[in-house]
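Dear colleague,

Here is the structure I promised to hand over, with the sequence alongside. My notes on the packing of its helices and strands follow below.

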Amino acid sequence: MAESESAFERSSTPALTTAFESYVEDLSNWYIRRSRRRFWDGEPEALETLWWSLVQALRVVAPLMPFLADHLWRALVLDGPDSVHLAGWPEPAAADETLLDEMVAVRRVVELGRQARAQSGLKLRQPLRRLIVQGAEAARAQAGEIAEELSVKEVEFGPVEATELRVKPNLPLLGPKLGKELGPVRAKLEAGEFEELGDGRLRVDGHELSPEEVIVERRGKEGWAVAGEDGLTVALDLALDAELELEGHAREAIHQVNTMRKEAGLEITDRIALTLPPELAAHEEWIARETLASRVEPGGELQIEKA
């Protein structure tokens with residue numbers, strides 16, 4: 001709200017557009033996506049929050065997009081001013097700064113967790129046992145959200161010890177500085193024979209090196225995927241067991257069934273009869289619920305038909 005008011009005061013259309021796009025991105029790709037189950041269950045609080053968020057946004061953006069905003073207002077507001085242009089500027093509510101800080105931290109953790117996932121080559125549909133987070137204490141209260149977003153069973157907060165430090169000399173800087181001594185220093189850096197002094201400084205073979213004089217890489221140890229940025233580090237335990245692998249197969253089956261539903265031209269609310277491979281029987285109820293299957297039968301391969 002403050003960004004939008006500032007943009008209007010400066011008559012800055014680009015700034016207002018940027019603020020509105022950021023708001024829509026947060027609403028769509030975070031709140032709506034994270035609340036899909038609540039919407040599907042018809043939870044009044046979730047639906048009311050979404051409605052309120054959309055209506056207030058229309059009031060803010062109406063001067064910039066007068067016709068579209070008014071069209072959407074008339075579709076959404078049944079008991080209120082006939083036009084968004086008669087509704088006035090919304091009164092901002094007091095922000096819950098604690099919750100906002102938590103969600104900022106959560107989204108940073110999730111973004112790095114996705115990077116670690118990408119490095120590992122494991123799809124998000126394959127659940128993992130645990131994630132370790134270092135440097136985001138504000139996210140602790142939202143550990144459940146992180147676990148769901150990154151498809152992990154446990155989220156731990158504490159030191160990440162699953163990294164290996166690899167250091168190389170920055171040759172354009174260290175070459176002229178060390179001359180003939182560069183070779184031994186380089187060998188000890190590669191062997192990990194150095195002392196960390198803090199603030200990125202290292203001591204090796206009697207030489208103190210500044211952060212600019214070395215190239216530091218942190219990578220995950222065997223069986224871990226690690227990502228870090230600006231004091232925040234996350235580590236994914238990549239170990240899989242039979243339980244996790246079976247759940248991964250079940251999630252893959254749900255994805256395939258929903259793709260098959262689309263290809264068959266079924267409506268989102270249509271019920272189906274599902275033929276399910278016997279090895280997925282342990283997850284039968286969950287798969288049926290996620291795919292709107294009213295009847296599940298064992299079979300050799302995945303098949304659907306409209307119920």
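At what angle do α10 and α11 pack, and how far apart are their axes? The angle is about 30° and the axes are 10 Å apart, where axes are lines fitted to C-alpha atoms, for helices over the stretch in contact, and angles run from 0 to 180 degrees between N-to-C directions.

Before going further, please note that this is a predicted model, in which local features need pLDDT of at least 70 and side-chain atom pairs count only at pLDDT 80 or more, while totals for chains, interfaces and linings use all residues. Residues are numbered from 1 along each chain as its sequence is written, and side-chain values use heavy atoms, with hydrogens and water left out.

Helices (H or I, at least four residues) and strands (E, at least two) are DSSP runs, numbered from the N terminus. On the α10 side the contact (heavy atoms within 4.5 Å) is made by Glu-247, Ala-250, Arg-251, Ile-254, Val-257, Asn-258 and Arg-261, and on the α11 side by Trp-286, Ile-287, Glu-290 and Thr-291. These residues divide into 5 nonpolar, 2 polar and 4 charged, with Ala, Val, Leu, Ile, Met, Phe, Trp, Tyr, Cys and Pro counted as nonpolar, Asp, Glu, Lys and Arg as charged, and the others, Gly among them, as polar.

Helix α2 (residues 13-34) packs with helix α6 (residues 97-120) at an angle of about 90°, with their axes 14 Å apart, which means that α2 is roughly perpendicular to α6. Here Asp-26, Trp-30 and Arg-33 of α2 meet Met-103, Val-106, Arg-107, Val-110 and Arg-114 of α6, and by class this contact has 4 nonpolar, no polar and 4 charged residues.

**The sheet**

There is also an open sheet of 3 strands, in the order β11-β10-β12 and with mixed pairing, where two strands pair if DSSP finds at least two bridges between them. Its edge strands, β11 (293-298) and β12 (303-306), each pair on one side only. Strand β10 (residues 272-276) pairs with β11 in the parallel sense over 5 bridges, and Ile-272 stands opposite Ala-293 in β11. Helix α11 (residues 284-291) packs on the sheet, touching β10 and β11, and its direction makes about 145° with that of β10. Helix α10 (residues 242-263), in turn, lies across β10 and β12, running at about 40° to β12.

Note on methods: Angles under 35 degrees count as roughly parallel, over 145 as roughly antiparallel, 65 to 115 as roughly perpendicular and the rest as oblique.
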